[in-house]
Amino acid sequence: MRGVLGGIVLTLLIIAGVGLLVITFGLFPIGADNPPSAIERRLANMATDAYVGAHAPNQANPVPPVPAALADGARLYERHCAFCHGGAAHRISVMRAKFSPPVPQIVNRIPGDPDSHLWWVAKHGIRMTGMPSWDGILTDDQIWTVIAFVKHSGDLPPEAQAAWRAAAGLTRAGSQPTSPPAVGKPPAK
Ligand code: HEC
């Protein structure tokens, strides 16, 4: 029994020692242009799922997915999230693979997780990834609103779709000054 225990301890020490050597000799690639290894991904996903499952509030989204709320969510999303997660102009962000792990494109492939889990992730962020905590920047209600938008982004009512496109600068709605155009200038060629 003591021999087995000693063997286990020795093996663990060797693994820890090798790990330390790899790190101190600059052999562990820390650049964000290195994709995480399969084992890192697996462990990180397990930890995230378990923690979010244990800490997310056990409730439905309090924001009803009515057109006005989805339009608000679209504007918030486009302003704060689209750069990384993809938006109305580019469903797949150019930043997608510039993070390690890569950024999930949540309006291109809508996550199936409950709203409360996505709300928890948006509020608290995921450390050691590029996902920031929005706590204190967006209110809890605004975060629920963005999540309602994300969940319905594949099937938006026309009002919310128009708000999303306008927020992305794809249409001029709401972004034009109301004053009449200047007169007397030569037409631009
Ligand atoms: C700077 C880039 C960046 C911004 C801006 C950003 N995120 Fe993220 N987000 C990430 C990354 C990276 C991940 C992946 C984290 C991981 O791998 O665990 C992520 C993950 C998520 C997830 C989990 C997706 C899933 O499939 O489980 C949600 C939900 C989310 N973000 C919502 C948001 C919302 C809402 C906003 C805007 C308020 C936002 N994010 C802004 C980088 C970003």
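Q: How do the residues of the shell around the ligand divide into nonpolar, polar and charged?
A: This is a predicted model, in which local features need pLDDT of at least 70, side-chain atom pairs count only at pLDDT 80 or more, and totals for chains, interfaces and linings use all residues. Residues are numbered from 1 along each chain as its sequence is written. Ala, Val, Leu, Ile, Met, Phe, Trp, Tyr, Cys and Pro count as nonpolar, Asp, Glu, Lys and Arg as charged, and the others, Gly among them, as polar. On that basis, the shell around the ligand divides into 17 nonpolar, 5 polar and 1 charged.

Q: How many helices and strands does the chain have?
A: Helices (H or I, at least four residues) and strands (E, at least two) are DSSP runs, numbered from the N terminus. Read from the N terminus on, the elements run α-α-α-α-α-α-α. The count for the chain is 7 helices and 0 strands.

Q: Which residues come nearest to the ligand?
A: Helices α4 (82-85) and α5 each supply at least two residues of the shell around the ligand. Of the 23 residues around the ligand, the nearest are C81, C84, P111, G130 and M131.

Q: What orientation do α5 and α6 have to each other?
A: Helix α5 (residues 115-124) packs with helix α6 (residues 140-152) at an angle of about 125 degrees, and their axes lie 9 Å apart. Axes are lines fitted to C-alpha atoms, for helices over the stretch in contact, and angles run from 0 to 180 degrees between N-to-C directions. Angles under 35 degrees count as roughly parallel, over 145 as roughly antiparallel, 65 to 115 as roughly perpendicular and the rest as oblique. The relation of α5 to α6 is therefore oblique.

Q: Which residues in α6 meet α5?
A: Residues are in contact if their C-beta atoms, placed from the backbone, lie within 7 Å. From α5, the contact involves D115, L118, W119, A122 and K123; from α6, it involves D140, I143, W144, V146, I147, V150 and K151.

Q: What is the handedness of the crossing of α3 and α7?
A: Helix α3 (residues 67-80) and helix α7 (residues 158-167) pack at an angle of about 20 degrees, with axes 8 Å apart. The pair is therefore roughly parallel. A crossing is left-handed if the near helix is turned anticlockwise from the far one by less than a right angle, and right-handed if clockwise. The crossing of α3 past α7 is right-handed.

Q: How many nonpolar, polar and charged residues does the contact of α3 with α6 have?
A: The angle between α3 and α6 is about 100 degrees, with their axes 8 Å apart. As a result, α3 is roughly perpendicular to α6. In the contact, A69, L70, D72, G73, A74, L76 and Y77 in α3 meet Q142, T145, V146, A148, F149, V150 and H152 in α6. By class, the contact of α3 with α6 has 9 nonpolar, 4 polar and 1 charged.

Q: Where is M128 placed?
A: Most residues other than glycine have a negative phi. In M128, a residue other than glycine, phi has a positive value, near 60 degrees. M128 lies in the loop between α5 and α6.

Q: Which residues does a cis peptide bond join?
A: Most peptide bonds are trans. In the loop between α4 and α5 lies P101. With omega at about 5 degrees, a cis peptide bond joins S100 and P101.

Definitions and conventions. Two residues are in contact if their C-beta atoms, placed from the backbone, lie within 7 Å. A residue is near a molecule or strand if its C-beta atom, placed from the backbone, lies within 6 Å of it.
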